[in-house]
Amino acid sequence: MKNYMKYLVSCSVVIAAMFLTGCDKDKPEDGGNGPSITWTNTAGTTTYDFSKRYDSSEVEVLIKAVTESAFTKFTVDIDSNLLTAEVLGLAGLTTKLDLINPSVAEAAALQNLGFPTGTGITSKKSVSIDITNLLPMISMLGQAGTCDFKLTATDASGTTVKTVKLDVAAPAVQ
């Protein structure tokens, strides 16, 4: 019984330590501070929680990343049963977007969608990406599904990873 109690206390301490130190995958990976990444509505009056999944028709997606030095990496990985490699390929994109070092074709496609690329990121201390106007287009694909956008931003102080998680409803049949 005494050993069992020690085990329970040890487990409780470990769990409490993980909770208090914020042990989750969206924290900087290397222990550094890393750039800050926030998700708000376009007016900046509502801040969304990266740990939650939202209905795409009920949110706006304005991402703001801020660094104290300079961005050295900024990628977006798309995990979606709707925005597949085939669908994204039609727009000149892939499921793994490198915003700092895109291919020439991908840079043109990203810029046409309003994404900053290259020196539009590396020369800035603050970068905003607004995909709110793109969300209705995703539902036009005609089926329900999920779209997760994993953002990875790196600067001299570390790496930060945040994921925008969206549920997309199929459009109503008329």
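## Strand β4 and its sheet

T75 stands opposite T152 in β7. This is a predicted model, and that pair is a handy way into its open sheet of 5 strands.

**The chain at a glance**

- The chain holds 5 helices and 8 strands.
- Walk along the sequence and you get α-β-β-β-β-α-β-α-α-β-α-β-β.
- Of its 174 residues, 39% count as buried.
- If you take the contacts between residues at least 6 apart in sequence, 61% of them join residues at least 24 apart.

**The open sheet**

- Its 5 strands come in the order β2-β8-β7-β4-β5, and the pairing is mixed.
- The edges belong to β2 (53-55) and β5 (96-98); each has a single partner strand, so one side of each is left without a neighbour in the sheet.
- From one strand to the next, the twist averages 20°.

**β4 and its two partners**

- Strand β4 covers residues 73-80, and in the sheet order β4 sits between β7 and β5.
- On the β7 side, the pairing is antiparallel and runs over 8 bridges, with β7 spanning residues 145-155.
- T75 and T152, the pair we opened with, face each other across β4 and β7.
- On the β5 side, 3 bridges do the joining, and these two strands also run antiparallel.
- D77 has K96 in β5 as its bridge partner.
- As for cover, β4 is mostly tucked away: 6 of its 8 residues are buried.

- Is T160 buried or exposed? T160 has a relative accessible area of 4%, and because buried means under 20%, T160 counts as buried.
- What does the side chain of T160 have close to one of its polar atoms? The backbone oxygen of P35 lies 2.6 Å from a polar atom of that side chain.
- That P35–T160 distance falls within the 3.5 Å cut-off for a polar contact.

Notes. Residues are numbered from 1 along each chain as its sequence is written. This is a predicted model: local features need pLDDT of at least 70, side-chain atom pairs count only at pLDDT 80 or more; totals for chains, interfaces and linings use all residues. Side-chain values use heavy atoms; hydrogens and water are left out. Buried means under 20% relative accessible area, exposed over 50%, partly exposed in between (1.4 Å probe, protein chains only). A polar contact is a pair of N or O atoms within 3.5 Å; within protein, one must be able to donate a hydrogen and the other to accept it, and residues adjacent in sequence count only if both atoms are side-chain atoms. Two strands pair if DSSP finds at least two bridges between them. Helices (H or I, at least four residues) and strands (E, at least two) are DSSP runs, numbered from the N terminus. Axes are lines fitted to C-alpha atoms, for helices over the stretch in contact, and angles run from 0 to 180 degrees between N-to-C directions. Contact means heavy atoms within 4.5 Å.
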